[in-house]
There are 4 protein chains.
Amino acid sequence: MIKAGIIGATGYAGAELVRLLLGHKNVEIKWYGSRSYIDKKYSDVYQNMFEIVEDKCLDDNMEALADQVDVIFTATPQGFCASMINEEILSKTKVIDLSADFRIKDVRTYEQWYKIQHKAPQFIGEAVYGLCEINREQVKKARLVANPGCYTTCSILTCYPLVKEGLIDPDTIIIDAKSGTSGAGRGAKADNLFCEVNENMKAYGVASHRHTPEIEEQLGYAAGKQLTLNFTPHLVPMNRGILATAYASLVKDVDYETVREVYDKYYKEEKFVRVLDQEMYPQTKWVEGSNYVDINFKIDPRTKRVIMMGAIDNLVKGAAGQAVQNMNLMFGEDEAEGLNLVPMFP
Amino acid sequence: MIKAGIIGATGYAGAELVRLLLGHKNVEIKWYGSRSYIDKKYSDVYQNMFEIVEDKCLDDNMEALADQVDVIFTATPQGFCASMINEEILSKTKVIDLSADFRIKDVRTYEQWYKIQHKAPQFIGEAVYGLCEINREQVKKARLVANPGCYTTCSILTCYPLVKEGLIDPDTIIIDAKSGTSGAGRGAKADNLFCEVNENMKAYGVASHRHTPEIEEQLGYAAGKQLTLNFTPHLVPMNRGILATAYASLVKDVDYETVREVYDKYYKEEKFVRVLDQEMYPQTKWVEGSNYVDINFKIDPRTKRVIMMGAIDNLVKGAAGQAVQNMNLMFGEDEAEGLNLVPMFP
Amino acid sequence: MIKAGIIGATGYAGAELVRLLLGHKNVEIKWYGSRSYIDKKYSDVYQNMFEIVEDKCLDDNMEALADQVDVIFTATPQGFCASMINEEILSKTKVIDLSADFRIKDVRTYEQWYKIQHKAPQFIGEAVYGLCEINREQVKKARLVANPGCYTTCSILTCYPLVKEGLIDPDTIIIDAKSGTSGAGRGAKADNLFCEVNENMKAYGVASHRHTPEIEEQLGYAAGKQLTLNFTPHLVPMNRGILATAYASLVKDVDYETVREVYDKYYKEEKFVRVLDQEMYPQTKWVEGSNYVDINFKIDPRTKRVIMMGAIDNLVKGAAGQAVQNMNLMFGEDEAEGLNLVPMFP
Amino acid sequence: MIKAGIIGATGYAGAELVRLLLGHKNVEIKWYGSRSYIDKKYSDVYQNMFEIVEDKCLDDNMEALADQVDVIFTATPQGFCASMINEEILSKTKVIDLSADFRIKDVRTYEQWYKIQHKAPQFIGEAVYGLCEINREQVKKARLVANPGCYTTCSILTCYPLVKEGLIDPDTIIIDAKSGTSGAGRGAKADNLFCEVNENMKAYGVASHRHTPEIEEQLGYAAGKQLTLNFTPHLVPMNRGILATAYASLVKDVDYETVREVYDKYYKEEKFVRVLDQEMYPQTKWVEGSNYVDINFKIDPRTKRVIMMGAIDNLVKGAAGQAVQNMNLMFGEDEAEGLNLVPMFP
């Protein structure tokens, strides 16, 4: 049995980790860390867990935790993991960080976009960017995995094959993304009240959202050169789901089959990436509750652009599901264990 | 492996059966019956099943199906199962009918509320009302199970212990129930369009809803005498979930502990019934996607009434989940196999 | 021009008052009071008012305000109005209090249900309960109007005629009410976050909600004797709208026409009360954005009960609209001025 | 009094026309045309109109109607208006067509995108494209106005000033638009059922939506040359509201003030276009129920693009409100009469 500890277990991503790990046959959750709810029954915070989880919330002492578990998930605000991690912890346990602390290789870029000082730059080099479909082999050997952001997972996987194969001009990429509200977390902010979000829609973080450099870095590796792109997130009145609509100029005349082959080259063997049939576009509902990424594309011969679309459940493939997938790789488990979830409809 | 066939596999309840049976380790779905979509890929109708189900839809020939499977689920409109079933089918296979055809013992009551003639009254006596928590032993031996309605499952389980133990006057029971819209099915009716349902709420079937006699019959068995009650369903803008709020006059002065003990007497050992802690009231979200019924109550000393509340996912405990639970009992499987689902939140 | 001041202008009810008063041809808003947003532009708090309202928020100094306006609306938490009001204020200006401070005549009942000490009991006697359809003449002469609660407006108007005419046994009344989330206000509470409310439903304040004594008092006047009843509010995932479903035992055999006549007796001439055609049940959407109350009923001969249903927009007839209606009566305006709003659909 | 007739009065746009015209002080609706509901009370189809509209639905005989009214609104499917209109009708009455029949000047483009033959090409030249802010003077003199599409109104007004002033390269324009579901109409299609739309999001009509050539034509006039662009609509789970996020490359280095001045040049005097304060981005909720277009922009110096955003209520400025605005211009009324609507929040 893999013994797991979760720091930040009472946020939405943390709670989703609990849901998924409870269905994993080789994992035992030993630590429900939540600074705000110490000593409170976890199932009093998440009543869906009533009679399922009997544990109480514990503090976020990462050092103490490292002695007791094989893997620590940090589903915590930016800066927390970097401020706590050290060599001793990493020598005892594996760490999967769901925050952005170790996602960006250039510490200046991190500090510039996140407006905080990085407390553990010495581990940035070692950390593996945990996008399993792309970095599978490195993840297997990692002690520290930087679990990708929700928007970034969806955006990168949607564009990756065409960037990698040079079918599109990377400097023309524009990603217009839409997200459900669980991505905003469980903090009590007036902006996220039901009456403010429901029957409403808006862009936010325009030309300044912090997932931008993460997408640029990863797609830059695929392109073999630095790139800049536009990324605009939008808030949509639903709980779960991200839909990314990406636009780019094709560098040559290609037909459907050519582009399709490129997608298949990278994703045909990938269980969690489903490239849909022609003319079937991704819908967030079709992946809800599951670890799938649904992808498709459309060539527009009039403008010589391709429109690429991807959909995920932001709490699963965009957070907790991908974290479990990374854990499975790191511990030699079947990559899909605990993740054989049929999307729930309606 | 239990071989299963589903007639009506492309309705919402049918699709939920598919989702649940795919997660059952001893079941193989052999037949996706759907008159409207014959020869169409099932995953073209329910795109969440893409790359999960490769089968095509078949017709609804129950006789042919009986030769091939161990159990048939009929998730079909009222009257279908009764018009198809016969002794030969029942001699070859077990049948779990999700419609109302075999729920009501008095055929005249059925015909009066459903406005159709019953085509197979000879099987009504044999059919077992598949509310597992109450009729477990009979279900185990049944060939034909009448799977309870969604409102009725929630209403009966919420009130049953207090009726059975004579704590309330059964003729004072009033059940005010609220349901998400998936209970209305996938038929293309203007009344169920997004813009008609969203940001709206209404009562319907007032004093005339067809689940009324089903609730009355089952609670009547518990009371040991016939009873009449008021049942009012309401449509609420959400996909899944039923909340029943039931009112009844207490026949004697009782305190919290006494009533709690009565609930515990019937449900303490029941995995799928969760009687919540005092002052924690059921919320539909806390059971979404799962087979749980969450129940609680409040005594009002001012009016000498008790308010009982229950919540289910109408597609799981209210339909497909209960059907799987019945199947498990009928085939000697672990009653919870395929149903160990943690409710999804948010 | 009537000069109006609003204290609590940045809550949802306050903002709705602004919306309505802006459409009133004889009113000028002179004071947007909001302690939390002093000196901030009102349209920065409510961006829908951009280029419509240029004023800044002011404090909640009721004495200063009384010198400048003809009417003060207090859309403030319980206790505020009672703590501020005095004879001098009332000698200069009329006050319409949207809180509960002056709704309940028995100060002990108020203090018991609201758990606060009443700071101005000397004005309780004078205050008029501003349910215009019932207390029209008193409202016209009032200096201080207690604007009814949202649930209470809907509940009382739905039941009033049958109670008044003695058709139902008042001690059998059970009111099961459902509300959209704007009734919970704009405070940043985790319970009211989008992801907590959306796709969810629950009862709350069971047998203890503070609108209960208000309903009991007013229906008690109609019955000519004290009564106790059950009132259960529920939270529903929509912005606006209350639906009350009320149950009561009929004291004699009556048919549809008899009950209908009783409703017509009280409401036929009432512009804002619409008793619907037979078998058409109220839907909250049909009154959204307007001051209407839609009402209907159904007799259940099986249980000898009548089911009464009413729907309002909680922010209009349940708060700001009714306040404007009261103001119109108090100032001799056309009662419907500013309230000729066609419900918005969808 | 302007006598108005509506053909297609029972669709969502038709019903919104009714709502708005009922609030217009100089209009009388003489004809509620609805082929599907002939002889049915209009308020039985739209129960919000109960006791407000007493008329019955009439047929769609445009010739008969032309004798009785001063203006006909056709809120009908594509092809209807073109198939009915003739010189005699236009000699008697003005026509405002909410369909696409007369929006596109090149009949071949119309026939290619709409897949139907145009029945009255002789009136295309005369028809005025009724985007009031741009074509105000022509509208005033028109007999036949082509009321713009919902997506197009929002998209064109959002981009117009920057295209017109040559600040952006028109061939780089990409418009990613998101719409509530009322745009899909009231037809009973399974795709628009509550359970299919709710908690879901998708792109549709990718690189093929029929509003594309309309946007291209109008922005082409502004650019002074033909252009092609990408337009991708998305369906979002809300009733009303369109948000357009448009991207384009800047042709020179400009700062915030420069771009802002360009917007102000065109919109400062426009009552219904609100260019928001810096860093305040449009939200659909802030315009709901009103005729406003809220617009803002953000320059991205990293990619040298500008992101332009616009929000409307698709049924008001995107359909019925704009139609009333056109009518006001055509009849010499105050342009805002009947449209002084404060957006409703929440």
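Predicted model: local features only at pLDDT ≥ 70, side-chain atom pairs only at ≥ 80, totals over all residues.
Two residues are in contact if their C-beta atoms, placed from the backbone, lie within 7 Å.

Now step back to a whole chain. Chain A contains 12 helices and 13 strands. Its C-alpha trace spans about 60 × 45 × 40 Å along the principal axes. For 346 residues, a compact globule would have a radius of gyration near 20 Å. Chain A has 20 Å, so the value agrees with that expectation. Of the 346 residues of chain A, 61% count as buried. Consider the contacts in chain A between residues at least 6 apart in sequence. Of these, 70% join residues at least 24 apart.

Next, the sheet. Chain A has an open sheet of six strands, in the order β2-β1-β3-β4-β6-β5. The pairing is parallel. Strands β2 (27-33) and β5 of chain A form the edges, and each pairs on one side only. Further in, strand β3 (residues 71-74) of chain A runs parallel to strand β4 (residues 94-97) of chain A. Four bridges join the two. Thr74(A) stands opposite Asp97(A) in β4(A).

Val128(D) stands opposite Val145(D) in β6(D). As for what holds such strands together, strands of a sheet pair through backbone hydrogen bonds, either parallel or antiparallel.

Two single residues show the local packing. Where does His118(A) lie? His118(A) is in the loop between α6 (107-114) and β5 (128-129) of chain A. Is His118(A) buried or exposed? His118(A) is buried, because 20 other C-beta atoms lie within 10 Å. The cut-off for a buried residue is 20 or more. Beyond its neighbours within four places in sequence, His118(A) is in contact with Ala82(A), Val107(A), Tyr110(A) and Glu111(A). Ala4(A) is 114 residues from His118(A) along the chain. Their C-alpha atoms are separated by 26 Å.

The second residue is Leu235(C), in strand β9 (residues 230-235) of chain C. Leu235(C) counts as buried because it has 23 C-beta neighbours inside 10 Å. Leaving aside neighbours within four places in sequence, its contacts are Ser179(C), Thr181(C), Val197(C), Met201(C), Lys202(C) and Tyr204(C). Asn200(C) is 35 residues from Leu235(C) in sequence. The two are 8.3 Å apart in space, C-alpha to C-alpha.

Finally, the chains meet. Which residues of chain A touch chain D, by class? Begin with the count. In this pair, 39 residues of chain A are in contact with 39 residues of chain D. On the chain A side, β7 (174-179), α9, β8 (202-203), β9 (230-235), β10 (242-249), β12 (293-300) and β13 (305-312) each supply at least two residues. By class, that side divides into 18 nonpolar, 11 polar and 10 charged residues.

Chain A also touches chain C. Here 15 residues of chain A are in contact with 15 residues of chain C. Helix α9 (residues 194-197) of chain A gives the largest share of the chain A side, three residues. That side divides into seven nonpolar, five polar and three charged residues.

How are chains A and C related? A rotation of 180 degrees, with 0.0 Å of shift along its axis, superposes chain A on chain C. The RMSD is 0.0 Å. The two copies are therefore related as by a two-fold rotation axis. The same surface serves both copies, since 100% of the contact residues of chain A recur in chain C.

Notes:
Residues numbered from 1 in each chain as written. Chains lettered and ligands numbered in written order. Nonpolar A, V, L, I, M, F, W, Y, C, P; charged D, E, K, R; others polar. Rg over C-alpha atoms; globule rule 2.2 N^0.38 Å. Buried ≥ 20, exposed ≤ 12 C-beta atoms within 10 Å, placed from the backbone. Least-squares fit on C-alpha atoms with pLDDT ≥ 70 in both. Pairing = 2+ DSSP bridges.
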